[in-house]
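Welcome! Please take a moment to look over the sequence and the 3D view before reading on.

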Amino acid sequence: MAVTRLLGGERHLIQTVDKKLTLTTHRVILRQNNWLFKTYQSVMLEDITSWQIKATGKSLYLAFSVVSAFFVYFNDAFALLSGFFLMLYLMTRQHRIHIESPHTTMILPIEDVEENRLNSMIELVRQAKRERMEALKKQAQNSIIFETEHKRSA
C-alpha cells in the first residue's frame, strides 16, 4: 500500500498497481514523482463537487505550435515546425478523470484505459463518497444526541 499516513478510521478501498492512485474510505490520494521530490495530493470525499472525463493533452506542445506559427511571418519553414508540434499535441491527448473540489482540481493519471473502466472508477469514487457522507451524518447525529443527553444530566 501507499506510504501516506491514514486518518483515524480510514482504510484503503482500492489502489493502482503502480501505487500512484489510492481510494480510501475518506479521500482520494494521488502520488506524483517529480524529478527530485515525491508529492502527495489528496481530496476528501465530502469535498468533491464534480468529476468529469476530459481529453487533455500536453499543453506545452500546443504553445510551441502557436509560437512557431507566429514565426511563419519570418520564414515559411516554421509552418512545418508548427504542424509538427500540433500533431504531437493531438497525439498526446488522452481521456483523464478530473476531480474538482472547492480548493483544487485533481487530474488522475490514468493512461491507456478504456472508457468503461474510467466509468467504473468514477462509480467507485461515487459509492465511496456516498458511504462517507452517510458516516458523517451518523457521526453528527450521535454527537447531537450526546450533547442533548449531557445537557439533560447537568
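The report below walks through strands, helices and aromatic rings in turn.

## Before we start

Please keep in mind that this is a predicted model.

## A hairpin of two strands

Let us begin with strand β3, made of residues 27-33, and strand β4, made of residues 38-44. The two pair in the antiparallel sense, and 7 bridges join them. Together β3 and β4 make a hairpin, with 4 residues between the two strands.

## An open sheet of three strands

Further along, you will meet an open sheet of 3 strands. Their order is β5-β6-β7, and the pairing is antiparallel. Which strands sit at the edges? They are β5 (50-56) and β7 (105-108), each of which pairs on one side only. From one strand to the next, the twist averages 30°.

Strand β6 covers residues 94-100 and is joined to β7 by 4 bridges, the two running antiparallel. Here, too, there is a handy pair to find: I99 has M106 in β7 as its bridge partner.

## Two helices side by side

Now turn to the helices α1 (residues 59-70) and α2 (residues 77-91). They pack at an angle of about 165°, and their axes are 8 Å apart. Angles over 145 degrees count as roughly antiparallel, and α1 and α2 are therefore roughly antiparallel to each other. Their crossing is left-handed.

Which residues bring the two helices into contact? On the α1 side they are S59, Y61, L62, F64, S65, S68 and A69. On the α2 side, these meet F78, L81, S82, F85, L86, L88 and Y89.

## Aromatic rings

Finally, have a look at the aromatic side chains. A pair of aromatic rings is described by two values, the distance of the centres and the angle of the planes. The model has 5 aromatic pairs in total. One of them is formed by Y73 and F74, whose ring centres are 5.4 Å apart and whose planes stand at 80° to each other. This pair is edge-to-face.

Are Y73 and F74 buried or exposed? Both of these residues are exposed. They also belong to a cluster in which ring pairs link F71, Y73, F74 and F78.

Key:
Residues are numbered from 1 along each chain as its sequence is written. This is a predicted model: local features need pLDDT of at least 70, side-chain atom pairs count only at pLDDT 80 or more; totals for chains, interfaces and linings use all residues. Side-chain values use heavy atoms; hydrogens and water are left out. Two strands pair if DSSP finds at least two bridges between them. Axes are lines fitted to C-alpha atoms, for helices over the stretch in contact, and angles run from 0 to 180 degrees between N-to-C directions. Rings of Phe, Tyr and Trp (its six-membered ring) pair if their centres lie within 6.5 Å; planes under 30 degrees apart count as stacked, over 60 as edge-to-face and the rest as tilted. Buried means under 20% relative accessible area, exposed over 50%, partly exposed in between (1.4 Å probe, protein chains only). Angles under 35 degrees count as roughly parallel, over 145 as roughly antiparallel, 65 to 115 as roughly perpendicular and the rest as oblique. A crossing is left-handed if the near helix is turned anticlockwise from the far one by less than a right angle, and right-handed if clockwise. Contact means heavy atoms within 4.5 Å.
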